[in-house]
Amino acid sequence: QVQLVESGGGLVQAGGSLRLSCAASGRTFSDYRMGWFRQAPGKEREFVAAITWSGGSSYYADSVKGRFTISRDNAKNTVYLQMNSLKPEDTAVYYCAARLESGRMWPYWGQGTQVTVSS
């Protein structure tokens with residue numbers, strides 16, 4: 001089992017920045033690809049960004065490319081999502097997720113952290 005705890009959400013004005021953190025425990029953190037997803041009210045959960053176990057490769061949704069940056073610190077068992085130039089449409093609950101590099105599903109999820117961007 002992998003336990004994930006997100007933090008860093010909050011209320012920010014459009015154009016502002018936030019950094020989300022996700023602390024992992026329970027298994028060897030560096031065995032896992034880490035991802036961020038989000039769910040806005042009335043919408044389905046969507047992919048935001050992911051990073052490979054080594055941090056060597058990262059992937060982004062088109063809607064956040066160039067504004068968000070995912071990173072990880074394997075020594076601290078933590079993954080980050082730096083969010084810049086925030087827009088009201090970024091408002092959502094943001095979830096951290098983990099899966100083995102060889103897997104396709106994301107079996108481990110955090111409880112989520114709310115991000116609200118005001119116009």
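Helices (H or I, at least four residues) and strands (E, at least two) are DSSP runs, numbered from the N terminus. N77 is found in the loop between β7 (68-73) and β8. This is a predicted model, in which local features need pLDDT of at least 70 and side-chain atom pairs count only at pLDDT 80 or more, while totals for chains, interfaces and linings use all residues. Residues are numbered from 1 along each chain as its sequence is written, and side-chain values use heavy atoms, with hydrogens and water left out.

**Backbone**
- Most residues other than glycine have a negative phi.
- N77, a residue other than glycine, has a positive phi near 55°.
- S85 is not a glycine either, and its phi is positive at about 50°.

**Accessibility**
- N77 counts as partly exposed because its relative accessibility is 28%; buried means under 20% relative accessible area, exposed over 50%, and partly exposed in between (1.4 Å probe, protein chains only).
- S85 counts as partly exposed because its relative accessibility is 41%.

**Surroundings of S85**
- S85 lies in the loop between β8 (78-83) and β9 (92-100).
- Not counting residues up to four places away in sequence, S85 touches G15, G16, S17, R67 and D90, where contact means heavy atoms within 4.5 Å.
- The C-alpha atoms of S85 and G66 are separated by 9.4 Å, and these residues are 19 residues apart along the chain.
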